[in-house]
Amino acid sequence: MTVLDSRALNRATLARQYLLDRADTPVREAVAHLCGMQAQEPQEPFVGLWSRLRAFEPRQLDDALTGRTVVRTHLMRRTVHLVAADDALAWRARHDAMLRQRVLATYRRELAGVEVDEVEAAGRAVMADGQPRTMAALVQAIEDRWPGTPRRVLGELLVAALVPMVQLPPRGLWQAKAGVRNLPLATWLGREIAPLSADGTDPTGRRLVRRYLAAFGPASTADLRAWCGLAGLPAAVKAVREELVAFRDERGRELLDLPDAPRPDGDTPAPVRFLPAFDNAILGYRDRSRIIDDAHLGLSVAGQRAVLVDGRVAATWAVRDGQLDITPLRPLSTPERDEVHTEAQALTAFLAEDINHVRVTAGDVSAGAAESSGPPPCAAGR
């Protein structure tokens, strides 16, 4: 069985994630190809799409959200994701049990004695009028029936697990500061959620396997489980295994993939890319060694934004006090620093904020002073 080293796996991930070459794909199709984008921080997907799509403009995602072709909803790993509307309808029932289990496990003590089905029925009855509600307003309408249960727990149970909800615009629109208003997914889209297959063949699970590998492969079954949070996919993997090809990584673990998916040579040049917080390319695996060093794993779950240099996380970035600060995690060569700086200038133009300088801090490079540049071109006021 062919062994793929970390560079080969890295380049495969970059190619599948549109990070090796920016794509000309429309926003809805890009979000669908990526199997959704983690989006609990509403503005982060804009940078993720800018780094992946040529000529991306924020209004394109705004139009997809207001046009109801893309939605914000709880799905994989009980996390808010930006998901193509068709996928949200097709995948939600397959995720229901996981969503419930995760909320119930988190709040086992607080929900002791609570009949979850009764809470669900009460929540659906309130939302049946088709009016958007905040989580607080939804809880207020039912809390008298469960006076001993914390309001926050009831709200999370309803919104993140029991009633499939969409977070409505303006939440998630470009540079919008808006609270969460919820509406049932089927109400917002005018279509019903696809039910689970009654014959036990799990066609949705099989499609999830194929879609995940198209966006993240080659990958292990543990990677697949870590991405979606679903434990019940071994049968789906077994059902499609004959369609797949298998490899080994350098530690001997089996990796599965679609036969015709791109697997570029490990020496393929990889451009600098700026990633948002909680980006798919990092969090889509259990074993993230193909893209980030073990010493820096905590950055990816703490919401730090990453800079890819030669395909790997080599720095973090943040906008502070009118500067785009870049903090290297390893020494950067002069050509690498130049490429980081050039891409950073393009990012400041996209962000359209009052960013006056790009600064590459000393970080791990030296103990010397930070390096600053002049104002980037095209930086505009908010």
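Trainee: Starting with Asp 293: what is its relative accessible area?
Mentor: Asp 293 has a relative accessible area of 37%, so it counts as partly exposed. Buried means under 20% relative accessible area, exposed means over 50%, and partly exposed is in between (1.4 Å probe, protein chains only).

Trainee: What kind of model is this?
Mentor: It is a predicted model, where local features need pLDDT of at least 70, side-chain atom pairs count only at pLDDT 80 or more, and totals for chains, interfaces and linings use all residues. Residues are numbered from 1 along each chain as its sequence is written, and side-chain values use heavy atoms, with hydrogens and water left out.

Trainee: Which residue forms a salt bridge with Asp 293?
Mentor: Arg 312 does, and the closest N and O atoms are 2.8 Å apart. The pair links distant parts of the chain, 19 residues apart. Asp 293 sits in the loop between helix 13 (280-283) and helix 14 (297-301), while Arg 312 is in strand 11 (residues 312-320). Arg 312 is partly exposed at 24% relative accessibility.

Trainee: What counts as a salt bridge?
Mentor: A side-chain nitrogen of Lys or Arg within 4 Å of a carboxyl oxygen of Asp or Glu. Side chains of opposite charge can pair when their charged atoms come close.

Trainee: How many salt bridges are in the whole structure?
Mentor: A search finds 32.

Trainee: Next pair. How far apart are the closest N and O atoms of Asp 325 and Arg 359?
Mentor: They are 2.9 Å apart, in a salt bridge. Asp 325 lies in strand 12 (residues 323-328) and Arg 359 in strand 13 (residues 357-360), so this pair ties together parts 34 residues apart in sequence. Helices (H or I, at least four residues) and strands (E, at least two) are DSSP runs, numbered from the N terminus.

Trainee: Is Asp 325 buried or exposed?
Mentor: Buried, at 3% relative accessibility. Arg 359 is partly exposed, at 23%.

Trainee: Where do Arg 124 and Glu 120 lie?
Mentor: Both are in helix 6 (residues 116-127), four residues apart, about one turn of the helix. Glu 120 is buried at 15%, and Arg 124 is partly exposed at 40%. Salt bridges also link these two with Arg 100 and Asp 117 in a network.

Trainee: New topic. Where is the kink in helix 5 centred?
Mentor: On Arg 92. Helix 5 covers residues 85-106, and the kink is about 50°. The bend at a residue is the angle between axes fitted to the seven residues ending there and the seven starting there. Arg 92 is one of the buried residues in helix 5. Trp 91 and Ala 93 are also among them.
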